[in-house]
Amino acid sequence: MNYENIIVEVHGAVGLIRLNRPKALNALNSALISELNVALDDFEKDRAIGALVLTGSEKAFAAGADIKELQALTYMDAYLSDTIASWERLSFFRKPAIAAVAGFALGGGCELAMMCDYILAAENAKFGQPEIKLGIMPGAGGTQRLTRAVGKAKAMEMCLTGRLMDAQEAEKAGLVARIVPADKLVEEAMLAATSIADKSLPIAMQIKDCINSAQEMTLTQGVKFERRNFHAAFATEDQKEGMAAFIAKRPAHFRDR
């Protein structure tokens, strides 16, 4: 497929997607999301891909939704078309996904980053849900994922006032995993994704399922779900290889089965 709003690359076992609407600071419109979803479908089907990195530019990961596309919507337009529902595709991506965020990640951009499994932030990254300044509210998980990441107080403040959070505060609050120099952001994200992709894909997917389920389940339910997945790992060839390699003091060669 010829993409116009994203750049798609493959580096070994890692898929790299760059949001690419530079004149609009990577504002998210229906065309970009449609292309992103096609790329996600392709990477999910490709057995050679073990992890994904999603990034933007040095100025902006994504500065939010494309307001020009949303401005004229009526309630019935938004409701009947289920506007923004298609953005959720990333949250159902089964393989590990890292958001590499530099510059602005605002509104839908912040929500898109939070759909990834974790965020690496450049020193200049700024996060926010400023929709209230436009007379609307977050619609792609901003009130939900942000609250789970940083707690009620900060989420309430950010969504009610539109205040932005810089990278340092975001790391302290638990929104991002790590801050890296801006000029090393994609390189660090690719190194992390490569490290993940070098390991067992089915086990990585199980880990992702278990950690995500921790947001939804009680501790008792979550531990039981984790243990069943732990048991299931012993049905894989990768478990046999991983433990044999450890005992033999040699590198493991996982085959993703």
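This is a predicted model: local features need pLDDT of at least 70, side-chain atom pairs count only at pLDDT 80 or more; totals for chains, interfaces and linings use all residues.
**Entry 1: the nonpolar cores**

I then asked which residues touch the most other members of the largest nonpolar core. They are Phe127 and Leu175, in a core of 45 residues. I looked up which helix gives the most to this core, and it is helix α1 (residues 30–45), with six residues. I also noted a second, separate core of 16 residues, which includes Ala102, Ala122, Leu185 and Ala197.

**Entry 2: helix α4**

Is helix α4 enclosed or open to the outside? I went through helix α4 (residues 108–115) and found that eight of its eight residues are buried, so the helix is largely enclosed by the rest of the structure. The buried residues are Gly108, Gly109, Cys110, Glu111, Leu112, Ala113, Met114 and Met115, and I noted that Glu111, a residue that counts as charged, is among those buried in α4.

**Entry 3: α4 against α5**

I looked next at how α4 meets helix α5 (residues 142–150), and found that their axes come within 10 Å and cross at roughly 55 degrees. That angle makes α4 oblique to α5, and the crossing is left-handed. On the α4 side the contact is made by Glu111, Met114 and Met115, and on the α5 side by Gly142, Arg145 and Leu146. Sorted by class, the contact holds three nonpolar, one polar and two charged residues.

**Entry 4: Ala149**

Staying in α5, I looked up Ala149, which lies in that helix. Leaving aside neighbours within four places in sequence, I found Ala149 in contact with Ala173, Gly174 and Leu175. I also checked the separation of the C-alpha atoms of Ala149 and Met115, which are 34 residues apart along the chain, and it came to 11 Å.

**Entry 5: α5 against α6**

I followed α5 to helix α6 (residues 152–161), where the two axes come within 7 Å and cross at roughly 140 degrees. These helices are therefore oblique to each other, and α5 passes α6 in a right-handed crossing. Which residues meet here, in α5 and in α6? From α5 I listed Gly142, Thr143, Leu146, Thr147 and Val150, and from α6 Lys152, Lys154, Ala155, Met158 and Cys159. By class, this contact has five nonpolar, three polar and two charged residues.

**Entry 6: α9 and α10**

For helix α9 (residues 201–213) and helix α10 (residues 219–233), I found a packing angle of about 175 degrees, with the axes 10 Å apart. That makes α9 roughly antiparallel to α10, the cut-off for this being an angle over 145 degrees. In α9 the residues Ile203, Gln206, Asp209, Cys210 and Ser213 meet Phe225, Glu226, Asn229, Ala232 and Ala233 in α10. The class count is five nonpolar, three polar and two charged residues.

**Entry 7: Asn5**

I turned to the segment before β1 (6–11), where Asn5 lies. Is Asn5 buried or exposed? Asn5 is buried, with a relative accessible area of 11%. Not counting residues up to four places away in sequence, I found that Asn5 touches Arg18, Leu19, Asn20, Arg21, Ala31, Leu32 and Glu35.

**Entry 8: Lys240**

Lys240 lies in helix α11 (residues 237–248), and at 47% relative accessibility I recorded Lys240 as partly exposed. The C-alpha atoms of Lys240 and Leu164, which are 76 residues apart along the chain, are separated by 48 Å.

**Entry 9: positive phi values**

I checked phi last, keeping in mind that most residues other than glycine have a negative value. Leu25 has a phi near 50 degrees, a positive value in a residue other than glycine, and Leu25 lies in the loop between β2 (14–19) and α1. At 32% relative accessibility, Leu25 counts as partly exposed. Ile84 has a positive phi of about 80 degrees although it is not a glycine, and I located Ile84 in the loop between α3 (75–81) and β5 (97–101).

Notes
Residues are numbered from 1 along each chain as its sequence is written. Side-chain values use heavy atoms; hydrogens and water are left out. Buried means under 20% relative accessible area, exposed over 50%, partly exposed in between (1.4 Å probe, protein chains only). Helices (H or I, at least four residues) and strands (E, at least two) are DSSP runs, numbered from the N terminus. Axes are lines fitted to C-alpha atoms, for helices over the stretch in contact, and angles run from 0 to 180 degrees between N-to-C directions. Angles under 35 degrees count as roughly parallel, over 145 as roughly antiparallel, 65 to 115 as roughly perpendicular and the rest as oblique. A crossing is left-handed if the near helix is turned anticlockwise from the far one by less than a right angle, and right-handed if clockwise. Contact means heavy atoms within 4.5 Å. A nonpolar core is a set of buried Ala, Val, Leu, Ile, Met, Phe, Trp, Tyr and Cys residues joined through side-chain atoms within 4.5 Å.
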